[in-house]
Amino acid sequence: MTIYMLIIVAIGVITTRAGLKNGVERVTKVMMLALLVIMVILAINSFFMEGGEAGLAFYLKPNIEEIQKVGIGNVIVNAMNQAFFTLSLGMGGMAIFGSYIGKDRSLLGESVNVALLDTFVAFSSGLIIFPACFAYGVDVDSGPSLIFLTLPNIFNHIPLGRLWGSLFLSLIHI
């Protein structure tokens, strides 16, 4: 563990010493693209899981009876809370990197990109998580811990799961 820790610390020092544009930004671009590719692969894998079609139906088909029971107002408020939270995280990242973007790029255009990318990642996450819940018998009401219950099952059941899992978990911590 000490050797791996020293390797990671060395990579971090080299990256930050290269500066924000030539170090952190360059590494982040590559790692984010790799994370998106892994998410797409996992989402495609979800379509072929045995029992996953029930999860896709749960995720993509609205349950009108449940909406009426909870109330449309509560559904809208909860959706807006989620959107505000995730977009505020994206805007925080944009504020950090915003002072470094070139004059040829508009802040409005970058804001639209952040919103679209955030929506894509959220939708893909649902495509990964909910089919896995139904395929592996995990309760969908488990809340935030859902990702820690389903992802290990996914990585245990796909070819090269340890590699995919290691890459995924490494990339989400950037």
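In α8, four residues come out buried: G161, G165, F168 and L171. They sit on the same side of α8, because together they cover an arc of only 140° around the axis. As for partners, the buried residues of α8 pack against α2 and α7 (146–157). All of this is read from a predicted model.

Now for the α2 side of that packing. Helix α2 spans residues 20–47 and helix α8 residues 161–171; their axes come within 10 Å and cross at roughly 135°. That angle makes α2 oblique to α8, and the crossing is left-handed. On the α2 side, the contact is made by M31, A34, L35, I38, M39, I41 and L42; α8 brings in W164, L167, F168, S170 and L171. Sorted by class, the contact has 11 nonpolar residues and 1 polar one, with no charged residues. Two of the α8 contact residues, F168 and L171, also turn up among the buried residues of that helix.

Helix α2 also holds S46. This serine counts as buried because its relative accessible area is 0%, against a cut-off of under 20%. Setting aside neighbours within four places in sequence, S46 is in contact with G52, L127, I128 and P131.

Methods
Residues are numbered from 1 along each chain as its sequence is written. This is a predicted model: local features need pLDDT of at least 70, side-chain atom pairs count only at pLDDT 80 or more; totals for chains, interfaces and linings use all residues. Side-chain values use heavy atoms; hydrogens and water are left out. Axes are lines fitted to C-alpha atoms, for helices over the stretch in contact, and angles run from 0 to 180 degrees between N-to-C directions. Angles under 35 degrees count as roughly parallel, over 145 as roughly antiparallel, 65 to 115 as roughly perpendicular and the rest as oblique. A crossing is left-handed if the near helix is turned anticlockwise from the far one by less than a right angle, and right-handed if clockwise. Contact means heavy atoms within 4.5 Å. Ala, Val, Leu, Ile, Met, Phe, Trp, Tyr, Cys and Pro count as nonpolar, Asp, Glu, Lys and Arg as charged, and the others, Gly among them, as polar. Buried means under 20% relative accessible area, exposed over 50%, partly exposed in between (1.4 Å probe, protein chains only). The arc is that of the directions from the helix axis to the C-beta atoms.
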